Amino acid sequence: MAIDDKAGPEPHCREDDDNAPAAAVDDEDTGAQVAPIVKLEEVAVTTGEEDEDPILDLKAKLYRFDKEGNQWKERGVGNVKLLKHKVNGKVRLVMRQSKTLKICANHFVIPTMTVQEHSGNDKSCVWHAADFADGNLKEEMFCIRFASVENCKTFMETVQEVAESQGKKEESKDATVTADLLDKLSVGESKSDGKEDTVVASNTKEAVKDEAKTEEDKKDEAASKA
C-alpha cells in the first residue's frame with residue numbers, strides 16, 4: 001500500500017486571534033454615590049502666635065553653646081522672629097526649624113539683653129537668654145548666622161531697640177506704681193492726722209469739764225464750812 005507523501009492541509013491558525021486583546025468593557029455610570037468610611041473634619045492648628053504681631057522675620061542658622069563639650073552645636077535652620085504681644089506689649093524671640101517646625105529658640109527680649117557681633121564673622125552675633133524652647137527655663141548662649149551682613153545688622157539693631165523700649169516701659173511702670181503708693185500713703189496720713197485732731201479736741205473738752213467741776217466742788221466746800 002502506497003503512502004501518500006503529500007501532507008494534508010495544515011490546520012488554519014489565526015495568529016491575530018490568539019494575540020488579540022480582550023475586548024474592553026466600558027464602565028457604566030450608575031449614578032450611585034459611595035460614602036467615605038472615615039469622615040475627616042478640619043482641625044484648626046494654632047501656633048501660639050495668633051495674639052502677636054511680627055516685628056522681624058529673617059532666615060538664619062542658630063547655634064547653642066554646649067558648656068560640657070565646650071563647643072557650638074547647631075540647633076537648626078529656619079526663620080527667626082521677633083513677636084510683639086497685642087495686649088501687654090512684651091516681645092519674644094522665636095525660631096523654628098524650617099522642615100520640622102520644632103522650636104529651637106523661645107525667650108523674651110528683656111531690657112538687660114545685649115547682642116554682640118561674633119568675633120571673626122560679621123554675619124554672626126551672640127547673646128545670652130533664659131530660654132524656654134525645651135519646655136524648661138534654662139540659661140543659654142546663642143549664636144546666629146545670617147546669609148548677609150545687612151541681615152545681621154538689622155537683627156542686632158532691632159533687638160537693641162526692643163530691649164531699650166522694654167526698659168523704658170518698665171521704668172514707666174515702676175514710676176506709676178511708686179506714685180500710686182505715695183498717693184495711698186498721703187491719704188492714710190491725712191486720715192490719721194484727722195483722727196489725732198479729734199482725739200486732742202475731745203481731750204481738751206474733757207480737761208475743761210474737769211476743771212469746771214473742780215471749781216464747783218471748791219465753792220461747795222466753802223459754802224458748807226460757812
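Let's start inside the protein: Cys125 is buried, with a relative accessible area of 0%. Here, buried means under 20% relative accessible area, exposed means over 50%, and partly exposed is in between (1.4 Å probe, protein chains only). This is a predicted model, where local features need pLDDT of at least 70, side-chain atom pairs count only at pLDDT 80 or more, and totals for chains, interfaces and linings use all residues. Residues are numbered from 1 along each chain as its sequence is written, and side-chain values use heavy atoms, leaving out hydrogens and water.

Searching the whole structure turns up zero disulfides.

**The overall layout**

The protein has two helices and seven strands, and along the sequence they follow the pattern α-β-β-β-β-β-β-β-α. Helices (H or I, at least four residues) and strands (E, at least two) are DSSP runs, numbered from the N terminus. Of the 226 residues, 22% are buried. The accessible surface comes to about 18,000 Å², with 52% of it belonging to carbon and sulfur atoms; such areas come from the Shrake-Rupley method with a 1.4 Å probe, and for residues only the protein chains shown count as cover. Take the contacts (heavy atoms within 4.5 Å) between residues at least 6 apart in sequence: 50% of them join residues at least 24 apart.

**Aromatic rings**

How many aromatic pairs does a search of the whole structure find? There are four. Rings of Phe, Tyr and Trp (its six-membered ring) pair if their centres lie within 6.5 Å; planes under 30 degrees apart count as stacked, over 60 as edge-to-face and the rest as tilted. Trp127 and Phe155 make a tilted pair, at 5.6 Å centre to centre and 50 degrees between the planes. Trp127 sits in strand E6 (residues 124-131) and Phe155 in helix H2 (residues 149-225), so this pair ties together parts that are 28 residues apart in sequence. Phe155 also pairs with Phe146: the centres are 5.4 Å apart and the planes are at 45 degrees, so this pair is tilted. Phe155 is buried at 0% relative accessible area, and Phe146 is buried at 4%. Together, Trp127, Phe142, Phe146 and Phe155 form one aromatic cluster.

**Salt bridges**

Side chains of opposite charge can pair when their charged atoms come close. A salt bridge is a side-chain nitrogen of Lys or Arg within 4 Å of a carboxyl oxygen of Asp or Glu, and the structure holds seven. The table shows some of them.

| Lys or Arg | Asp or Glu | N to O distance |
|---|---|---|
| Lys81 | Glu49 | 3.6 Å |
| Arg92 | Glu52 | 2.7 Å |
| Lys73 | Asp66 | 3.3 Å |

Lys73 is partly exposed at 36%, whereas Asp66 is buried at 12%. Salt bridges that share partners join Glu49, Lys81 and Arg96 into one network. Glu52 is buried at 10% relative accessible area, and Arg92 is buried at 14%.

Conventions
Disulfide = S-S within 2.5 Å.
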